[in-house]
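Hello,

Here is the structure I promised to pass on. Please open it first, then read my notes below.

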Amino acid sequence: MAVHVLPAALAAKIAAGEVVERPASVVKELCENALDARATSISVEIEQGGLRRVMVADDGAGIAPDDLPLTVRRYATSKIESVDDLAAIRTLGFRGEALASIAAVSHLAIRSRAAQDDAGRLLTVVGGEQAAVEATAAPVGTAVEVRHLFFNVPARLAFCKTPRAEAQRVVQCVQHLALSHPGVRFSLGVNGREVFRTSGSGSMADVFVAMHGHELAEQLVPVDESLLNGVLVQPTVHRGNRTGVSLFVNHRWVQSRALTYAVTDAFAELMPDGRFPLAALNVTLPWEDVDVNVHPQKADIRLRDSSAVVGQVRRVLREVLSEHVAVQPLRQRFQTMDTWQSDAGSVRPGQAAQAVDLFRPVDAAQASPENGLASGTPATPATLRVLGQLGAMYVIAEGVDGMYLIDQHSAHERVLYEAVLKRLPEAQSQQLLEPQSLSLAPTHLQWLESHVDDLTRMGFALEPFGNGAWLLRAVPVFLAEKGHDWGKFVTTVIEQKDNPDYRGDPLERLRWVIACHGAVKAGDALSTAQIEALLGALERCDLARTCPHGRPTMVRLSHTQLAREFGRT
Ligand code: ADP
Ligand code: MG
């Protein structure tokens with residue numbers, strides 16, 4: 001075939017394919033236009049998944065009569081003028097392509113009236129051919145109706161899924177647009193039935209509840225920072241995929257891997273592996289730091305300094321989480337308790353810890369701004385009153401709002417993990433009375449040689465002793481009190497570094513292993529003083545409610561639940 005320029009109508013259909021992939025893309029573009037026109041109320045209706053009919057009506061600024069025929073011309077826009085405007089786009093649309101694209105592949109009707117005009121106008125276009133403009137009665141605002149989508153592009157039609165599946169995507173799209181603009185009232189009807197509605201209250205939490213259901217209402221944590229605002233759900237609720245994370249940049253719904261990672265990573269320690277949080281968050285950035293002109297459907301964006309933003313988002317979320325993560329209430333009934341198991345592994349009854357100061361390392365006396373322990377975590381005395389120990393495994397305690405059971409291993413694991421994490425690089429060492437020699441397999445020796453600096457920073461003192469032997473001379477203070485068999489402890493730490501239970505980079509894994517193996521086990525008998533020290537230390541942790549693996553450190557039986565159990569209510 002010789003090279004030839006395609007006829008305009010065919011070129012238009014090809015170009016339309018980039019913008020309009022399925023009914024949900026039509027809904028997205030039309031709603032974005034309504035939002036750009038400052039609508040306060042947007043109503044969406046679809047039939048047959050949107051393939052037969054999409055209707056989007058708004059109460060926005062409307063379109064002046066002379067402008068109406070222009071709106072369906074390619075590159076016709078009222079939103080930008082010069083190339084400079086591209087550097088800081090403040091509207092959702094800017095390419096002037098959407099209506100032209102939709103017009104090329106459907107039967108399109110636009111009825112609009114601007115506030116200053118007495119009457120409205122109706123424009124109809126069939127498959128890109130301009131049909132007619134006529135005067136009509138209309139309220140201020142714009143209503144766009146799209147019928148028979150892809151009637152002239154059978155290939156595209158064939159790629160659409162069932163009406164049900166397409167409708168599902170429309171629902172998802174409208175819900176996200178509603179989240180992005182909580183001050184706008186949205187309603188969505190599918191085949192004549194209303195399936196979603198928001199009040200336009202301005203609260204993302206309200207939209208989130210409308211979207212995910214009222215069960216979650218009590219689990220919401222508001223986020224209200226200058227960089228980040230929205231809601232997240234307590235980490236006790238999680239999902240097997242990332243679809244619960246909805247992200248917006250300057251009120252534009254985006255699918256950004258980098259930002260999604262920032263969110264899921266902030267929660268990682270709080271939930272089991274392979275589980276993901278629920279949240280809806282808007283990131284506010286300077287307009288010129290965001291390039292929105294990188295994706296045909298404007299679904300992804302480019303950030304000027306992506307890694308800085310990711311870091312900041314993660315930091316803000318961690319702060320919010322450390323403040324708000326609640327103690328998990330006991331699930332349903334008391335009896336469910338026996339379904340929780342200690343992960344402590346081998347129980348060694350004879351091995352009670354001797355030192356009363358077992359948990360001293362993170363107490364107030366040692367906290368100083370330099371090691372980060374004091375900042376943001378005032379050394380309040382633990383608010384729980386210790387009642388005793390259950391099965392040498394759980395601590396029973398009383399709080400103002402009920403009874404608490406604390407998993408001693410998980411709790412101590414959390415304390416040690418944060419101790420290792422925060423003491424870097426100022427970890428203090430305690431000399432051993434007698435140096436211990438380590439006997440390591442060759443592969444482990446190699447690892448030790450390349451990671452000895454990490455261990456040193458954590459407070460271990462190790463030195464080569466010739467012929468592949470190593471001597472351990474000191475251990476971190478925060479571990480020292482427990483009185484381990486130190487040679488064996490360090491050997492285990494090194495051997496465990498490849499255990500798939502532990503995540504993250506080598507240093508992170510090392511922290512986990514040290515926390516896990518350094519912590520008291522189920523079966524270790526603890527004195528009241530030791531327990532109080534543990535609770536005090538736990539109280540000062542950032543993420544006191546879960547161990548580093550994401551399991552709870554404590555559960556609560558509230559007074560209300562107790563009263564219910566005893567038939568007092
Ligand atoms: P873009 O949004 O990129 O400007 P569109 O093809 O989506 O391009 O729309 C073209 C123009 O039509 C817009 O710039 C706007 O001026 C006008 N327009 C479209 N929809 C509406 C609406 N719902 N209310 C007011 N004006 C609208
Ligand atoms: Mg647009």
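Start with the contacts. Among those with a separation of 6 or more, 69% are between residues 24 or more positions apart. Keep in mind that this is a predicted model.

**Overall**

The chain has 569 residues, and 49% of them count as buried. It holds 15 helices and 23 strands. Its accessible surface comes to about 26,900 Å². Carbon and sulfur atoms make up 51% of that surface.

**A buried residue**

Look at Ile514 in helix H13, which covers residues 506-518. Ile514 counts as buried because its relative accessible area is 1%, and the cut-off for buried is under 20%. What does Ile514 touch, leaving aside residues up to four places away in sequence? The list is Leu416, Val420, Met458, Phe460, Leu479, Phe489, Val493 and Ala519. Take Met458 from that list. Ile514 and Met458 are 56 residues apart along the chain, yet their C-alpha atoms are separated by 9.9 Å.

**Salt bridges**

The structure holds 19 salt bridges. Asp265 takes part in two that I would look at.

- Asp265 pairs with Arg314, with the closest N and O atoms 2.8 Å apart. This pair links distant parts of the chain: Asp265 sits in helix H7 (residues 257-267) and Arg314 in helix H8 (residues 306-324), 49 residues apart.
- Asp265 also meets Arg318, at 3.9 Å from N to O. Here, too, distant parts of the chain are linked, with Asp265 in helix H7 and Arg318 in helix H8, 53 residues apart.

Asp265 is buried, at 18% relative accessible area. Arg314 is partly exposed at 23%. Arg318 is partly exposed at 34%.

Elsewhere, shared partners join several salt bridges into one network of Glu45, Glu47, Arg52, Arg53, Glu145 and Arg147. One of its bridges runs between Glu47 and Arg52, at 3.8 Å from N to O. Both side chains belong to partly exposed residues: Glu47 has 24% relative accessibility, and Arg52 has 41%.

**Surface patches**

Asp224, Glu225, Glu319 and Glu323 form a negative surface patch. Glu225 lies in the loop between strand S9 (220-224) and strand S10 (228-233). Glu225 is partly exposed, at 40% relative accessible area.

There is also a nonpolar patch on the surface, made of Leu6, Leu10 and Ile14. Together they have about 250 Å² of accessible area. Leu6 lies in the segment before helix H1 (8-19). It counts as partly exposed, at 38% relative accessibility.

Best wishes

How values were computed. Residues numbered from 1 in each chain as written. Chains lettered and ligands numbered in written order. Predicted model: local features only at pLDDT ≥ 70, side-chain atom pairs only at ≥ 80, totals over all residues. Heavy atoms only, no water. Patch = residues over 30% accessible without salt bridge, like charges linked within 9 Å, V, L, I, M, F, W, Y side chains within 5 Å. Areas by Shrake-Rupley, 256 points an atom, 1.4 Å probe, with all protein chains shown as cover. Salt bridge = Lys/Arg side-chain N within 4 Å of Asp/Glu carboxyl O. Lys, Arg positive; Asp, Glu negative; His and termini not counted. Charge placed at Lys NZ, Arg CZ, Asp CG, Glu CD. Helix = DSSP H or I, 4+ residues; strand = E, 2+ residues; numbered from the N terminus. Buried < 20%, exposed > 50% of the residue type's maximum accessible area, 1.4 Å probe, protein only. Contact = heavy atoms within 4.5 Å.
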